[in-house]
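Open the model in your viewer and keep the selection tool at hand. The tour goes from stop to stop, saying what to select and what is found there.

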Amino acid sequence: MAENQTDKNLYTAFVGEAKAALRLKGYAEKADKEGYPQMAKLFRAISAAEEIHALKHLRLLKIIQTTEENLQASFESESSVSENVYPEFIRIAEEEGNTGARISFSHARDAEDFHGKLYKAAIADMIREQDSELHVCTVCGYVASGSMPDTCPVCNAAKERFKTID
Ligand code: FE2
Ligand code: FE2
Ligand code: FE2
């Protein structure tokens, strides 16, 4: 994908802006907790701006293909992280006694596995696209299709912790 220096720079800038956008969301959360609502607002506003930069760079990279290709690429990426990346990270976190990281990695691995299944089903359903509610667990990132589960099958969070996507 990176054929020339500008493509490489676009990719570097995309990754940097995307990371900044998320980091600033974390800073906003912290500012809210510390009782600085205006600082939280500032972080959220600049996070939204960095997201715009990241998306503009991404579009120029032509990583975005047809929806069918994007579903396939997303499916492959989920399988690869849940099968190859997270198991090793979990093993090392266990070895190093980092419980927080172990749980965070485990939740992500289990959730990615379900994400992969949703993509697989979506690829099969593309011709007869059906309307279905999607709910995201805000604790672990599990995604439920259809009705809202009573508790999250990955992290046990109660249904109140789910967010329905519009
Ligand atoms: Fe930026
Ligand atoms: Fe995922
Ligand atoms: Fe969950």
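The stops below cover the metal sites, then the nonpolar cores, then the aromatic rings. Keep in mind that this is a predicted model.

**Stop 1: ligand 1**

Select the iron ion (ligand 1). Its donors are two OE atoms of Glu17, one OE of Glu50 and ND1 of His53, at 2.0 to 2.5 Å. Glu17 belongs to helix H1 (residues 5-33) and His53 to helix H2 (residues 37-61), so look for distant parts of the chain, 36 residues apart, linked by this pair. Along the chain, the donors follow the spacing E-x32-E-x2-H. The arrangement is irregular because the 4 donor atoms subtend angles of 55 to 137°, and a tetrahedral site would need all angles between 85 and 135 degrees.

Now show the surface. Is Glu17 buried or exposed? Glu17 has a relative accessible area of 18%, which makes it buried. His53, at 34%, counts as partly exposed.

**Stop 2**

Select Glu112 and His115 together. Both are buried. They are 3 residues apart in helix H4 (residues 99-124), so about one helical turn separates them.

**Stop 3: the nonpolar cores**

Which residues make up the largest nonpolar core? Select Cys137, Cys140, Tyr142, Ala144, Cys152, Val154, Cys155, Ala157 and Phe162, the 9 residues of this core. A second, separate core has 5 residues, among them Phe14, Ala54, Leu58 and Leu61.

**Stop 4: the aromatic rings**

How many aromatic pairs does the structure hold? There are 7. Select Tyr27 and Phe43: the ring centres are 5.4 Å apart and the planes stand at 65°, so the pair is edge-to-face. Tyr27 is in helix H1 and Phe43 in helix H2, 16 residues apart, and the pair links distant parts of the chain. Tyr27 is partly exposed at 41% relative accessibility, and Phe43 is partly exposed at 27%.

Next, select Tyr86, Phe89 and Phe105, which form one aromatic cluster.

Finish at Phe114. Lys117 lies over the face of this ring, at 5.4 Å from the ring centre.

Conventions. Residues numbered from 1 in each chain as written. Chains lettered and ligands numbered in written order. Predicted model: local features only at pLDDT ≥ 70, side-chain atom pairs only at ≥ 80, totals over all residues. Heavy atoms only, no water. Helix = DSSP H or I, 4+ residues; strand = E, 2+ residues; numbered from the N terminus. Buried < 20%, exposed > 50% of the residue type's maximum accessible area, 1.4 Å probe, protein only. Donors = N, O, S within 2.8 Å, 3.2 Å for Na, K, Ca; no water. Tetrahedral: all angles 85-135°; square planar, octahedral: opposite > 155°, others 65-115°. Core = buried A, V, L, I, M, F, W, Y, C linked by side-chain atoms within 4.5 Å. Phe/Tyr/Trp six-rings, centres within 6.5 Å; stacked < 30°, edge-to-face > 60°. Lys NZ or Arg CZ within 6 Å of the ring centre and 35° of its normal.
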